[in-house]
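Me: I have just opened a structure that is new to me, and I would like to learn how to read it. Could you take me through a few features, one by one?

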Amino acid sequence: MEHSLGQDSVPGFGSFDKSKVLDVRPLRRLVPVFPSASSNSSFSTPQGAAPFVCASPAGPFPPGVSPFFPFFISSESQRPLEQNLQTPSGIPNENQPFGFSNSISNAIPINSFRNPPPLSTVGVTPNQSTGTSNGGDTTPSRRITRSRVQPQPQRGVAEEEDGFSESVVDAENTRKVGRPKGKFQSQKRTRGGQDINVALPDVDIDAIVDNVLTSYTNTLRQTDGNKESVGYALMCYDLLRRKISQIEEMKEGIPGVSRTGRSDLRAGTLFMNKGIRTNAQKRIGTVPGVEVGDIFFFRMELCLVGLHAPTMGGIDYMGVKNSSEEEPLALSIVSSGGYEDHIQDGNELIYSGQGGNAGNDNRKDKEIKDQKLERGNLALEKSLHRGNDVRVIRGVKDVSNPTGKVYVYDGLYKIHESWVDKGKSGGNVFKYRLVRLPGQPEAFTVWKSIEQWKETNTTRVGLILPDLTSGAETCPVSLVNHVDGEKGPAHFTYIPSLKYSKPVNLTEPTAGCNCTGGCLPGNSNCPCIQKNGGYIPYTANGLLVNQKSLLHECGPSCACPPNCRNRVSQGGLKIRLEVFKTKDKGWGLRSWDPIRAGAFLCEYAGEALNVSGIEKLGDDRADDYSFDANRTCQPLGVLPGDSDETPNVPFPLLISANTAGNVARFMNHSCSPNVFWQPILRENKNESDLHVAFYAVGHIPPMTELTYDYGMIPHEKAYQRKKICLCGSIKCRSFFY
């Protein structure tokens, strides 16, 4: 028997005919089942009460009724759920009846709202599906969190030493789908009130990672790495990270399209999940392939090469059996300013333990907590008594990025003593004194010396000139000799850029861009970007994404300002360089500053000659200070599977720096170089403004000699004299031209 219930009526026990219940659906289904438009409610309405109205979650809505979360799709819904507590309000549709002419939108499971997959990642526009519903994928999409967890290792989650976990983007959510490969999806964004068309590319990140995996599987998966495998893993990681950054930067300002998080964490997670790493087994002491003084710009890089496993924790340790029981021993520590460490001495370190509230937290109302002798702190205490070596990585300020860190591997230390002290917060803090083992190459002490040179360089031993450029560059270039009594190279005139004695006309005239505020990533209206395949070739911080056969930069015929992101090679020197006397290769070039992979170093300045220009110079010294852009060499700054074309120079370019040039004339040859050269064509109306610029292959520590491969000559020029190569590389060809 059916009852007619009032608004406040409560049915009695057994008052419903249970046989009438025909369709029972679980709550987690979350697809509301609404009655049809023509049906009437079986419930009576109390006299004077408002009529019961049903509205589809997709609309239309009567006056006073708003769409409700999660069926309201907006850019706000791209935020994490805890940041989106306010239910968006809709606009009532007063022109249609209250029926259900619109279809019900796809329901979204609650567990998928931890971090909805960005629309650009799946390659569709809002409210558009490709195979699976937008948001209907229940695959976890994790974000960076710091929450107390139990020590349960998970795939894609790095367990932290301080009791926190850092979750990063799941590799299963990184594949691009929805459009044919190689296509661009056009979007619009506004800058300064002007609409700009942005073409979002379809890039299969997983395919790139698979290419890396197949190209070097045997070497990368060895238990013990070597210099080659470590260098290859780091180079590919940073190339992928820069590629992801390039794609993500194109999404800025596009409504409904959000970025997928930090590129360093995403690239690292992809590599870790695919097993693209080396030295995966934890060990005490040195790590094969990692040298003292090596630098890293991301904590994930330390993990990929086996130097320090935790991506956030400062202490790495492992359990070691001691007779009948297992005890933790410290493997490595990272001292980067998060705690009250004393790091001024280059050979000694006072390291603070982890936990409590001993970090640099200056809040006055915080609770005083003592550190506990557990986990990493216990491991350091056990290592003190066991006497095992501990790797020390020091974090120093990145001069090119005020908020960034550079991590310097400072070698092996031993713990000499420990004690408990009162921290600034008032809690007890464990202190450990570590002393560097003798006989190791200098690392952190080099950084300390450079700091002193930057303050005053005049008293430095071996200094010949404080500025070789005589003010032609914004950054001075020192000239030093610690080897013999030579007072400098032969005289030449310093010029910061390439000079053309005669203009070279283009067969097809080109026009520059009209980006008055600077070129924007992905702007399909910018001809300079289109010539680079639809991308700005540099990241936001000026790093070259990858080596290209020919790179197009904005030039004199463009309307963009000098600080345009597509003019990186035109700003002169940005790092402190030094010309120094080598032991057996004449003069060389090195840097005071740490150099990031993909960073611009300098261009090759001099006088552009015609094809027969070098031969007319006549002497060997003139040939030593020349650059032949027609030579070929193996591409270095590219990911496996990318184009490996040799430089595509539009016309024969020979540069003589015999009588006039810049610091590039001092770069020596190496068969395993840390620098590569890139031909760059700048927009200059009807003239061909071709230049040669140099970029870092990988991260380069301070005071490391900068070298590039001089390349191989065509067979028809085999008459040129071979020179003995002294690079010392395991890949040395024994000669160069």
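This is a predicted model: local features need pLDDT of at least 70, side-chain atom pairs count only at pLDDT 80 or more; totals for chains, interfaces and linings use all residues.

Me: Where does Thr539 lie, and which residues is Thr539 in contact with?

Reply: Helices (H or I, at least four residues) and strands (E, at least two) are DSSP runs, numbered from the N terminus. Thr539 is in the loop between α9 (527-531) and β16 (551-553). Contact means heavy atoms within 4.5 Å. Setting aside neighbours within four places in sequence, Thr539 is in contact with Arg242, Ser245, Glu249, Val545 and Arg565.

Me: How many helices and strands does the protein have, and what share of the residues is buried?

Reply: There are 11 helices and 29 strands. Of the 737 residues in the protein, 51% are buried.

Me: Which residues have the most contacts inside the largest nonpolar core?

Reply: A nonpolar core is a set of buried Ala, Val, Leu, Ile, Met, Phe, Trp, Tyr and Cys residues joined through side-chain atoms within 4.5 Å. The largest one here has 57 residues, and those with the most contacts inside it are Ile205, Leu240, Phe271, Cys513 and Cys519. Helix α4 (residues 227-249) gives the largest share of this core, 8 residues. Another core, of 49 residues, lies apart from it and includes Leu550, Val579, Ala599 and Cys671.

Me: How do I read the way α4 and α5 cross?

Reply: Axes are lines fitted to C-alpha atoms, for helices over the stretch in contact, and angles run from 0 to 180 degrees between N-to-C directions. The axes of α4 and helix α5 (residues 263-274) come within 9 Å and cross at roughly 130°. Angles under 35 degrees count as roughly parallel, over 145 as roughly antiparallel, 65 to 115 as roughly perpendicular and the rest as oblique. The helices α4 and α5 are therefore oblique to each other.

Me: Which residues make that contact?

Reply: On the α4 side they include Ala233, Tyr237, Leu240 and Ile244, and on the α5 side they include Ala267, Leu270 and Phe271. For classes, Ala, Val, Leu, Ile, Met, Phe, Trp, Tyr, Cys and Pro count as nonpolar, Asp, Glu, Lys and Arg as charged, and the others, Gly among them, as polar. The contact of α4 with α5 has 8 nonpolar, 3 polar and 4 charged residues.

Me: At what angle do α2 and α5 cross?

Reply: The axes of helix α2 (residues 205-215) and α5 cross at roughly 50° and come within 11 Å. That angle makes α2 oblique to α5. Ile205, Asp206, Val209, Asp210, Val212 and Leu213 of α2 meet Arg266, Leu270, Phe271 and Lys274 of α5. By class, this contact has 6 nonpolar, no polar and 4 charged residues.

Me: What is the phi of Asn279, and what is the phi of Ser470?

Reply: For Asn279, phi is near 55°, a positive value in a residue other than glycine. Asn279 is in the loop between α5 and β5 (295-296) and counts as buried at 1% relative accessibility. Phi of Ser470 is also near 55°, but Ser470 is exposed, with a relative accessible area of 70%. The loop that holds Ser470 runs between β12 (463-465) and β13 (478-480).

Me: Which residues does Pro556 touch?

Reply: Not counting residues up to four places away in sequence, Pro556 touches Glu683, Asn684 and Asp689. Pro556 lies in the loop between β16 and β17 (577-581) and counts as exposed at 57% relative accessibility. The C-alpha atoms of Pro556 and Lys685 are separated by 7.7 Å, although the two are 129 residues apart along the chain.

Notes
Residues are numbered from 1 along each chain as its sequence is written. Side-chain values use heavy atoms; hydrogens and water are left out. Buried means under 20% relative accessible area, exposed over 50%, partly exposed in between (1.4 Å probe, protein chains only).
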